[in-house]
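Here are my notes for your first look at this model. Keep the sequence and the 3D view open while you read.

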Amino acid sequence: MADREIKIAVYPGTFDPVTNGHLDLIRRALRLFDRLIVAIGENPAKKPLFSLEERLEMLVEAVADWPPEERTRLEITSFSGLLVDFCRRKGARAIVRGLRAVSDFEYEFQLALMNRRLAREIDTVFLMPGFRWIFISSTIIKEAARFGGNIEGLVPPGVVQRLREKFRPS
């Protein structure tokens with residue numbers, strides 16, 4: 001019997017900050033793929049609230065207490081440049097993208113088509129988060145935190161603390 005090919009996917013994003021919706025998608029993707037690479041994109045056009053190092057730390061902290069059978073199949077890293085080039089370097093055959101609402105679809109569909117044009121061998125898989133996370137985005141979380149809103153239960157505890165520190169009145 002021939003060796004089975006290991007199915008590797010990349011879940012790219014800014015993760016500024018990571019939310020429980022992101023974590024839900026990571027777990028869903030781990031059910032579909034043998035290995036998942038969560039890749040924080042270095043996008044000079046975006047002005048993230050958290051540094052790349054902080055975003056990496058928050059993701060690592062968020063999954064630290066997950067069962068070993070999940071953690072050992074998960075890689076958390078960063079990348080710059082074209083996503084499809086990163087996927088090729090990592091041996092990934094799929095890109096995982098999250099869809100919360102119909103409004104997400106048009107943009108995500110355009111990205112998927114461009115990635116297909118650049119790398120026909122890499123497929124895009126769209127996943128929806130669980131219903132309880134469907135309304136959450138990093139942008140909405142940051143706005144709520146900025147004005148003192150309660151974001152507990154929507155992001156990992158470490159993220160709650162870091163957001164409070166960022167938005168602490170001087």
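The points below go through the loop, the helices and a surface patch.

1. Ground rules. This is a predicted model, in which local features need pLDDT of at least 70, side-chain atom pairs count only at pLDDT 80 or more, and totals for chains, interfaces and linings use all residues. Residues are numbered from 1 along each chain as its sequence is written, and side-chain values use heavy atoms, with hydrogens and water left out.

2. Start with Phe 15, which sits in the loop between β1 and α1. Helices (H or I, at least four residues) and strands (E, at least two) are DSSP runs, numbered from the N terminus. Phi of Phe 15 is near 50°, a positive value in a residue other than glycine. Phe 15 counts as buried because its relative accessible area is 3%. The cut-offs are: buried under 20% relative accessible area, exposed over 50%, partly exposed in between (1.4 Å probe, protein chains only). Pro 17 is also in the loop between β1 (8–13) and α1. Look at the peptide bond from Asp 16 to Pro 17: this bond is cis, with omega near 0°.

3. Arg 31 lies in helix α1 (residues 20–32). Its relative accessibility is 64%, so Arg 31 counts as exposed. Arg 31 and Tyr 107 are 76 residues apart along the chain, and their C-alpha atoms are separated by 25 Å. Glu 70 belongs to helix α3 (residues 68–71). Glu 70 is buried, at 16% relative accessible area. Leaving out residues up to four places away in sequence, Glu 70 touches Arg 27 and Leu 30; contact means heavy atoms within 4.5 Å.

4. A helix pair. How do α2 and α7 pack? Helix α2 (residues 52–63) meets helix α7 (residues 157–166) at an angle of about 150°, and their axes are 9 Å apart. Therefore α2 is roughly antiparallel to α7, a label for angles over 145 degrees. From α2, the contact uses Glu 54, Glu 57, Met 58 and Glu 61; from α7, Gly 158, Val 159, Arg 162 and Lys 166. Axes are lines fitted to C-alpha atoms, for helices over the stretch in contact, and angles run from 0 to 180 degrees between N-to-C directions.

5. A nonpolar patch. Leu 82, Met 114 and Leu 118 make a nonpolar surface patch of about 280 Å². Patch residues have over 30% relative accessible area and no salt bridge, and nonpolar side chains are joined within 5 Å. A salt bridge is a side-chain nitrogen of Lys or Arg within 4 Å of a carboxyl oxygen of Asp or Glu. Met 114 is in helix α5 (residues 102–118). Met 114 counts as partly exposed because its relative accessibility is 48%.

Technical notes: Patches are made of residues with over 30% relative accessible area and no salt bridge: like charges are joined within 9 Å, nonpolar side chains (Val, Leu, Ile, Met, Phe, Trp, Tyr) within 5 Å. Accessible areas come from the Shrake-Rupley method with a 1.4 Å probe; for residues, only the protein chains shown count as cover. Angles under 35 degrees count as roughly parallel, over 145 as roughly antiparallel, 65 to 115 as roughly perpendicular and the rest as oblique.
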